[in-house]
Amino acid sequence: LYVFDLHDFWCQVKSPREALICSSLYLEHFRRTSPARLFRGRTPPHLQPVRLRGDSGEKSSTASVAATAHERDQRLPETVGNVHVDPSAEIHPSARLGPDVVVGAGVRIGAGVRISRAIILPGVLVFPHACIMNAIVGWNSQVGHWTRVEGTFRPPKGSKLDVCIFGQGVVAAPEIVVRNSIILPHKHLTASVDSEIIL
């Protein structure tokens with residue numbers, strides 16, 4: 001019997017769900033050991049701390065400081081939690097990323113997009129107002145306007161799928177919902193799907 005003394009996290013990766021969990025652990029590891037690797041966008045106003053100033057009892061929030069930072073960083077998207085973005089990615093300032101998001105090289109993210117607990121691989125195009133949650137989006141895929149790509153992370157009764165996965169080059173048409181499904185490479189989705197494997 002042999003033992004290896006591990007001084008950090010360990011994660012088994014046998015399923016897409018575990019890949020998302022492992023990604024989250026890596027991002028937390030970066031936060032503790034190499035915070036420069038994480039992307040720092042704007043902090044949403046409702047998450048900014050409020051504190052009291054001096055003896056005058058005037059209520060002052062870090063809003064004045066935050067307002068200055070907000071003006072300076074107007075070109076940055078909002079981020080919550082740990083987020084890693086490749087420097088070549090283009091993200092609209094009105095997008096919101098996090099927690100636990102990885103964005104690959106050459107990714108383009110449009111206005112009003114919301115991404116959380118997801119891995120977005122290189123070359124992906126996310127059109128405005130799309131929502132991606134608990135998902136892995138493959139290379140050079142496209143997510144249409146107002147499209148929702150989501151995994152529940154708690155499978156519905158009778159289903160083993162609880163994340164959403166796009167293979168390489170998948171195109172999701174505008175205004176559809178793709179939930180708890182695996183889409184194999186180079187498929188074009190024109191209708192909503194739930195708990196399916198599209199071959």
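Glu150 is buried, its relative accessible area being 8% (buried denotes under 20% relative accessible area, exposed over 50% and partly exposed in between, with a 1.4 Å probe and protein chains only). The model is predicted, so local features need pLDDT of at least 70 and side-chain atom pairs count only at pLDDT 80 or more, whereas totals for chains, interfaces and linings use all residues. Residues are numbered from 1 along each chain as its sequence is written, and side-chain values use heavy atoms, with hydrogens and water left out.

**View A. Glu150 and Arg179 form a salt bridge.** The closest N and O atoms of this pair are 2.6 Å apart; a salt bridge requires a side-chain nitrogen of Lys or Arg within 4 Å of a carboxyl oxygen of Asp or Glu. Arg179 is partly exposed at 27% relative accessibility. A network of salt bridges links Arg148, Glu150 and Arg179.

**View B. Asp162 is joined to Arg17 by a salt bridge.** Their closest N and O atoms lie 2.2 Å apart. Because Asp162 sits in the loop between strand 13 (148-150) and strand 14 (164-166) and Arg17 in helix 1 (residues 16-33), the pair ties together parts 145 residues apart in sequence. Helices (H or I, at least four residues) and strands (E, at least two) are DSSP runs numbered from the N terminus. Asp162 is buried at 9% relative accessibility, while Arg17 is partly exposed at 29%.

**View C. Arg96 and Glu78 meet through their side chains in a salt bridge.** The N to O distance is 3.8 Å. Glu78 is buried at 17% relative accessibility, and Arg96 is partly exposed at 24%.
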